[in-house]
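My notes follow in the order in which I checked things.

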Amino acid sequence: MNLIKYTLLLLFLSIQVLVAQTEVPIPTQAQLDWQDAELVAVFHYDLHVFDNKQYNQKINRITPVEDINIFNPKQLDTDQWIKSVKDAGCNLAILTATHETGFALYQSDVNPYCLKAVKWKDGKGDIVKDFVESCRKYGVKPGIYIGIRWNSFYGIHDFKVQGTGEFAENRQKHYNRMCEGMVDELMSRYGDLAMVWFDGGAHGPEQGGADILPIAEKHQKNIIFYHNTQRADIRWGGSESGKVPYPSWGTYPFPYSHSTNQKVIFKNNFELLKTGDPDGKYYMPAMSDAPLRGYNGRHEWFWEPNDEEHIFPLEHLIDMYYNSVGHNSSLILGITPDPNGLIPEPDVKRLKEFGDEINRKFSTPVGTTSGNKSKLIIKLSKTQNINQIVLTENIAIGERVRAFVLEGKTKEGWKTIFEGSCIGHKFIHKFDELNVSQVRLKITESKGNPEIKSFEVFSTDN
């Protein structure tokens, strides 16, 4: 009897070890939706768009706008905004409801520095409402960006009221209550949202800041929350280049992105943010953000006059796509509505070109398969040149693949095309043309049984 018990105990322990070895973090539905979106637009709009001057972040963070009524987008058309990014392939869009001036683009009952205070539309405009409705009209998921870290109107610097003593203490309490009130308004008034983005994070009450996380969680059960010291559902990718390196794992060792523990997270040029951690306990994929007008030494998140030459060329945007979406990340493009309330035509044209080129490159595979075996083979209809391979895992069960090899069968036999580690939501590999009759994926290491959602081969004229 003792021998039977001992044998059962060993079996139980063996099973527990096996389970521990195969456990991987599982994404939420919001995180699955986020990675499925792949391409995201963020629209930056604020009072200083209307001053006809070059945006100066350092100055704008500390200098209130003299005349609030410069805000007058006479041709505002959020349908035009959303259609332009939809043409680029964006499936999610985010609006800066507030940014560094503190001015709110909606009808706030707690922040007097909002659209109620301007002459435009007799003080009755609500751009957040217009934006969300346009998103739903075009089948784009809406998100809201809330800037509470800086507020030049209230004199807030890095979340804090300047000064000391009872005066600063009372104003800090007031500002925190106002921030909590704005989050309550923005999370409760506009229906289901895909994302809330807090600019530079959001201090929690443990750091003397507003207690915004419970409010967001109360109103939005299935949302990407980004981010504060307690929670982050995605992480910054470590640069504003629109790219992350390979590999970039969707898992991470901490439940926050970079709002704390910065000595660890920021070292080696933000390496941890860029690469993630294959053994991380939390599912938190990287985002890759860049402004559309970021070419040739400029980095424009807001519209500026005579700035069209800094729109990224098409080939640069495609390179971003390969090195973001193709590296298990998402690409967030900053879009700049102008003082008329429109996306400028050169930007609209470039976005359309970008979407068309992505469709051209990836809409017609010459071979495709899927499966949950460690070896998958695509037999092509004829021997032909190929130059791109796209792999996707079923990340609903977590990132399981740890090592793989891609091979092509040439006249001389099987030839290695690529040896890799991370697949995740999507891995894209482009290479010099290779004449093959078959393509093979061999998964040489995984945590649990791998499940390849899609294995596609392309022959694309570059």
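I looked up the sheet and found an open one of eight strands, with parallel pairing and the order 7-6-3-2-1-12-11-8; strands are DSSP runs of E with at least two residues, helices are runs of H or I with at least four, and both are numbered from the N terminus. Two strands pair if DSSP finds at least two bridges between them. At the edges I noted strand 7 (224-226) and strand 8 (235-236), each of which pairs on one side only.

This is a predicted model, in which local features need pLDDT of at least 70 and side-chain atom pairs count only at pLDDT 80 or more, while totals for chains, interfaces and linings use all residues. Residues are numbered from 1 along each chain as its sequence is written, and side-chain values use heavy atoms, with hydrogens and water left out.

Next I followed strand 1 (residues 39-43), which runs parallel to strand 2 (residues 92-98) and is joined to it by four bridges; V42 has I94 of strand 2 as its bridge partner.

I then checked helix 6 (residues 165-188), which packs on the sheet and touches strand 2, strand 3 and strand 6, where contact means heavy atoms within 4.5 Å.

Last, I looked at confidence: pLDDT, the predictor's confidence in each residue from 0 to 100, averages 94 over the protein chain, and 95% of the residues score at least 70. Over residues 13-21, however, the pLDDT is below 50, and beyond near neighbours in sequence this stretch has one contact in the model. Where pLDDT is low, the predicted coordinates should not be read in detail.

Key. Axes fitted to C-alpha atoms, helices over the stretch in contact; angles between N-to-C directions.
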